[in-house]
Amino acid sequence: MKTHIELTHQAILPPPLPTDDREIGAQVDFLGIVRESEAGEPIAGLNYEAHEPMAQSMMQRILADLALLHPCKEVWIIHRLGFVPVGQAALFTRVLSKHRKAALHLTDELIDRIKKDVPIWKLLEGTKE
Amino acid sequence: MKIKLLAFAQVRIELGFAESTVECSATETPRAILAKVAPEYRPDSSVRVAVNREYADWDKPVGEAFELAIIPLVSGG
């Protein structure tokens, strides 16, 4: 399974669609978007910080685990760091596979694992409107 | 030996530093090393520790580690 993992301080731009593999039958894209309130309070956005080298290696390991359970062709993870304004994406994932179930399951489990184990945090400090 | 101690998110705010260097021995545990720089701080059960970028046991000696990171409850995504 090909993997692409990126931590960026820039707005997330989904990568171009692959055109060279005609065995891809399913593409599942996910965007995690910053909402306008947190715990009922209005916010302007969220600040994300990470232990970057550990976050990279944890995501690589998670993908290695999930590839055994849900074989897919290619996975992208792009996580934004720093201030992310309301309405913009903090996380993008793309899973390409031959059949839809593997891509859907891998996406679901990947996001759960990121939220549980990858050292990335969202902070409210300095984000109140 | 010297070990780099990293603190993130809420723990960084509570401890007042993001990075520090601590003199320690390979037989010391993460809990003991953290206590040298923050004797009042008691990590609760949601706070994990990573040794050389791998989740580790608070009470297992660090060995010849170069980095110890205090990892509060993560919330990415």
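In helix H2 (residues 30–37) of chain B, three residues are buried: B:Pro30, B:Ile33 and B:Leu34. Buried here requires 20 or more other C-beta atoms within 10 Å of the residue's own, exposed applies at 12 or fewer, and partly exposed lies in between, with C-beta atoms placed from the backbone. Helices (H or I, at least four residues) and strands (E, at least two) are DSSP runs, numbered from the N terminus. Viewed down the axis of H2(B), the buried residues fall within an arc of 95 degrees, so they line one face of the helix. The arc is taken over the directions from the helix axis to the C-beta atoms. These buried residues pack against E1, E2, strand E3 (48–51), E4 and E5 of chain B.

A word on conventions. The model is a predicted one, in which local features need pLDDT of at least 70 and side-chain atom pairs count only at pLDDT 80 or more, whereas totals for chains, interfaces and linings use all residues. Residues are numbered from 1 along each chain as its sequence is written, while chains are lettered from A and ligands numbered from 1 in the order in which they are written.

Let me stay with chain B. Strand E1 (residues 2–7) and E2(B) run antiparallel and are joined by five bridges; strands pair when DSSP finds at least two bridges between them. Within this pairing, B:Leu6 has B:Glu19 of E2(B) as its bridge partner. How many of the five residues of E2(B) are buried? The count is zero, and strand E2 (residues 19–23) is hardly covered.

B:Trp58 sits in the loop between strand E4 (54–56) and strand E5 (67–71) of chain B. With 14 other C-beta atoms within 10 Å, B:Trp58 is partly exposed. Neighbours within four places in sequence left aside, B:Trp58 is in contact with B:Thr29, B:Pro30, B:Arg31 and B:Val49, contact being defined by C-beta atoms, placed from the backbone, within 7 Å.

Two residues deserve a remark on backbone geometry. B:Asn52, in the loop between E3 and E4 of chain B, has a positive phi of about 50 degrees although it is not a glycine. B:Asn52 counts as partly exposed, with 15 C-beta neighbours inside 10 Å. In chain A, the phi of A:Ala39 is near 50 degrees, again a positive value in a residue other than glycine. A:Ala39 belongs to the loop between strand E3 (37–38) and strand E4 (41–42) of chain A, and counts as exposed with 6 C-beta neighbours inside 10 Å.

I turn now to the strands of chain A. Strand E8 (residues 89–97) is mostly covered, with eight of its nine residues buried. Strand E2 (residues 26–33) of chain A runs antiparallel to E8(A), through eight bridges, and A:Val28 stands opposite A:Val95. Strand E6 (residues 74–80) of chain A is also antiparallel to E8(A), with six bridges; there A:Glu74 stands opposite A:Leu96.

Next, helix H1 (residues 52–69) of chain A. Its 18 residues reach 26 Å from first C-alpha to last, close to the 26 Å expected at 1.5 Å a residue, where the expected span is 1.5 Å times one less than the number of residues. Where do the buried residues of H1(A) lie around the axis? They are A:Met54, A:Ala55, A:Met58, A:Met59, A:Ile62, A:Leu63 and A:Leu66. They cover an arc of only 170 degrees, which puts them on the same side of H1(A). On the other side, A:Gln60, A:Ala64 and A:Leu68 are exposed.

A:Met59 of this helix is buried, with 24 other C-beta atoms within 10 Å. Beyond its neighbours within four places in sequence, A:Met59 is in contact with A:Ile5, A:Ile77, A:Ile114 and A:Val118.

A nonpolar core is a set of buried Ala, Val, Leu, Ile, Met, Phe, Trp, Tyr and Cys residues joined through C-beta atoms within 7 Å. In the largest one, of 51 residues, A:Met59, A:Leu106, B:Phe8, B:Leu68 and B:Ile70 touch the most other members. H1(A) gives the most to this core, namely seven residues.

Finally, the interface. 19 residues of chain A are in contact with twelve residues of chain B. Strand E5 (45–50), H1, helix H2 (100–117) and strand E9 (120–123) of chain A each supply at least two residues of the side that touches chain B.

Conventions
Two residues are in contact if their C-beta atoms, placed from the backbone, lie within 7 Å.
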